[in-house]
Each structure stands twice: as structure tokens, then as C-alpha cells.
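Please review the structure shown below together with the briefing that follows it. The notes are grouped by topic.

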Amino acid sequence: MELNDFIKKFAEQFEETAPEEIQASTEFKSLEEWSSLTSLSILAMVDDEYDVALKGDDIKNAVTVEDLFNKVASKA
Amino acid sequence: MAFFHFRNVRVAGISAGVPANIINNLTAEERISPNYENKDFVATTGVIERRFDAALTTSDLCFKAAKQLISDLGWQLGEIDAIIMVSQSLDFILPATACILQDRLGLSKECYAEDIQLGCSGWTYGVSTVAGLIQNGDIKKALLCCGDARPQYVMSNTGDPLFGHAGTVTAIEYDEGNDGLKCHFGTDGSGYNAIIKPYGGTRNLMSTEQFNIEEIDGKYYNGFQTRMNGMDVFSFGISTAPKSVKKLAEKYSFDFNDYDYFIFHQANLKMNEKIISKLKIDQAKAPMCMSHFGNTSSASIPLTIVSQLKGIADVKETSFICCGFGVGLSWGTIAFKAKDLVISNLIEVNSDEHLL
């Protein structure tokens, strides 16, 4: 799996946040639009695209988008 | 491997009781969470409105639904030899609520009665328990009551925005020659704290401290309220439910696409849509009722049939695959065909209609 592709799919889960606001280093839980509802979209996307079942703690412990990418990559 | 094929058993009828009082999540003045708008909550969960009444217990709802179903079926009270109650909001810590229902419904004293403490998987477990009792024909007719309503501690006048109150009744009877029910069950207790009411049992004894309110993800809880790790439960549901359906089909060598309806536990819209898409089934074959009733725990499968399939599944032979999953963690899937199924009209219960 590829980081830029992951970032693009990650950004697609947001409705009000512009895609360019989301980079590898973005601390996604600080985004204004982020909420526990967004996290469900991320879980569903990761399941769809990478066939990986993330745990709640995987999202809680990730700070940046790249952190989450690394977690998904380690489980893929 | 918890696979079962219970023969000579049929689902004869289903009814559901709900509070008459409706709470609308979109027009509610209270914010569901400081972190998102109510409309975003509704878009994700699908729960527009739900039934809630702080004065009604699960048994109040089941009692009225049971009386209606017994009448619609034309069953004699003396023929009903078992009643099982599945709930996590029972009348008392003891005695069993099923014993109270036996008496109040006027069932015989020669009646088997017990409670089963399960949530969203509860209907599938309850059906299998009743089927196991009936399959040899020792008893011929039984009632299964499933649902959740008033919790042990009511903190607001509107309740949790995801959950609705309902009490359902499923009538099951001996039917010689019927192919019956095919079932798959599973359990993963390592996830016991994914959905938990931490106090009020014997692990964490009651103390005044547990009435203190704590904030978790923008919502407020005391020790007697259920809290849920939404992300873990979401991951669990979208992976476990499709697998359980596939395992059942593989074990008994059928194509699940041949079934008329898939009734999934109504967890939340996003989760159910994901389960449906993973199984690649037509959405029209997977009716939902969470938009108007919310997540109703062990009542969700029978309530979906009552509210969405009356006039459809009761007028011709209909095949069902029903899958429940949740607190425990616990899950189950049941496949069966229903012929001459009786579906009662949805029963509304008023605040003053109490069993006790």
C-alpha cells in the first residue's frame, strides 16, 4: 500500500475539510470536522480498501495520518 | 463449533410493543454531542426518531405484545408450556421476569420459565433455546420475549439518542416434518468491556461514588449507565456479521442469495450498510427500522419484521436469514422459512399501562 493513496482515501471521508488540508503530517483529530462519527467512516474505508480491521485504540493512538497509515500497513 | 439444525420447529408469530411516546433526534433541543450536530448524528446512525418512555419497563411492553399475539394466533393459554425472557433491563435483580409474565399472562403453573441476559444477539440465542426445548415435541408451544426499555438509572427525559425501547414476542411451536431452523453462534468474551454497564452487579459493588458523573467523548455517564466503545463495536460488527452468514451457508450448503429477506440487528445505519455491501446483497432484501425506532437491542430483528414486513411476509411463504451481534461480544445467525406466519399490528403502550 502507498501513503499518498491512503491520504487521498482518508481525505474522501471528510465533507467540509478540503483535501489539501490533509497531509501525511496532519494531526487529524485536531481537524474541526473530526468527530467520533468520522472515525466510523475511516474504519469502514480501511476495511473496504485494505481489508484491515482497525481497533478503536489504533485510531486513538495515532496522531498523524501517517501514523494511521503505518498501523494499517502493519496489519495488511 | 456452535452450529445447530433444529427440525420440527416453526416460528408461528411475531409481535412488538413500543412506547407511544416518540423522541425525534432532529428536532430535539438537546445537543447529542458537543462534537457534532444532531443532523450529522442522524446521517451516520440513521436514527431519526425512536420510542422512549421512562415509565415503562421491558416487561410492560412485552406483556401487551404477548396478549395481542396470543389472541391473533388463537392459542389457548393452557397450551403454552414455556416462556423465555431475553433482556438486559429486567424488572428485578431477582426473581426472573419470565416468572412474573407466566402469572400475569395467565399461563399454566406447569410452565417452563427463565430469563436470558443478552443484548443485540439475544433474539437469535432465545430462538435457539426455545427450539431446543421444543424440537422433540415434549412441549408444543412457547413464547420468547425479547427487548430492552427503561434502564436501571434514568438520567434524562429523552434517553440515549441511539437506542429505542421495545419489547417483542415470538411464538414458536412444534411442527412435525418442518425443516426448522439452521443456526450459527459465536462468542468473544475478550471484548466484554466494549459495551458494559460497569456497576450494579457483583464485580464492582455499589457505592455512592458511582452516582458521580463522568464525561466520556462529550457524553455524560454515571456508573449505572451503559457505555460503548463505538469504534471497537463497529469493527466487530462489520467483520463478524457477514462471516457468520457465510459460515452458516457453507455449513448447510445453501446459497444465502436464495433467501427472501436478511434481517440484521439494527445497530446503526453505517454499520448495517457496510454489512449489506460486504455480503453483496440487494438493499431491498435487508429492510431496516432503525430510522423510526433506533437500536432496540434484542428486539431489533422481530421489530423489523413487524414494522417492515407485515402484509408481505405473512401472506406467502417467506425465507429469512436473521443475524444478531453485539454486547458480550456475542453473535448468532438463524435461517428459516416461515409459512402462515402471524404478524400482529405494532402495539403502542401508554405510560400508565403497567404489568405490576
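**Briefing on a sheet of chain B**

Lys182(B) has Ala335(B) of strand 16 of chain B opposite to it. This is a predicted model, in which local features need pLDDT of at least 70 and side-chain atom pairs count only at pLDDT 80 or more, while totals for chains, interfaces and linings use all residues. Residues are numbered from 1 along each chain as its sequence is written, chains are lettered from A and ligands numbered from 1 in the order in which they are written, and side-chain values use heavy atoms, with hydrogens and water left out.

**Sheet and strand pairing**

- In chain B, an open sheet of mixed pairing is built from 5 strands in the order 1-9-16-15-14; helices (H or I, at least four residues) and strands (E, at least two) are DSSP runs numbered from the N terminus, and two strands pair if DSSP finds at least two bridges between them.
- Strand 1 (3-6) and strand 14 (261-264) of chain B are the edge strands, each with a single partner, so one side of each has no neighbour in the sheet.
- On average, neighbouring strands of this sheet are turned by 15° against each other, direction ignored; axes are lines fitted to C-alpha atoms, for helices over the stretch in contact, and angles run from 0 to 180 degrees between N-to-C directions.
- Strand 1 of chain B pairs with strand 9 (residues 181-187) of chain B in the antiparallel sense over 4 bridges, and His5(B) stands opposite Lys182(B).
- Strand 9 and strand 16 of chain B run antiparallel and are joined by 7 bridges.
- Strand 15 and strand 16 of chain B are antiparallel over 9 bridges, with Ser330(B) as the bridge partner of Gly326(B).
- The hairpin of strand 15 and strand 16 of chain B has 3 residues between the strands, and Gly328(B) takes a positive phi near 150° there.

- In helix 8 of chain B, 8 of the 10 residues are buried, among them Ile301(B), Leu303(B) and Leu309(B); buried means under 20% relative accessible area, exposed over 50%, and partly exposed in between (1.4 Å probe, protein chains only).
- Gly311(B), with a positive phi near 85°, follows helix 8 of chain B.
- Strand 16 of chain B is likewise mostly covered, with 8 of its 9 residues buried.
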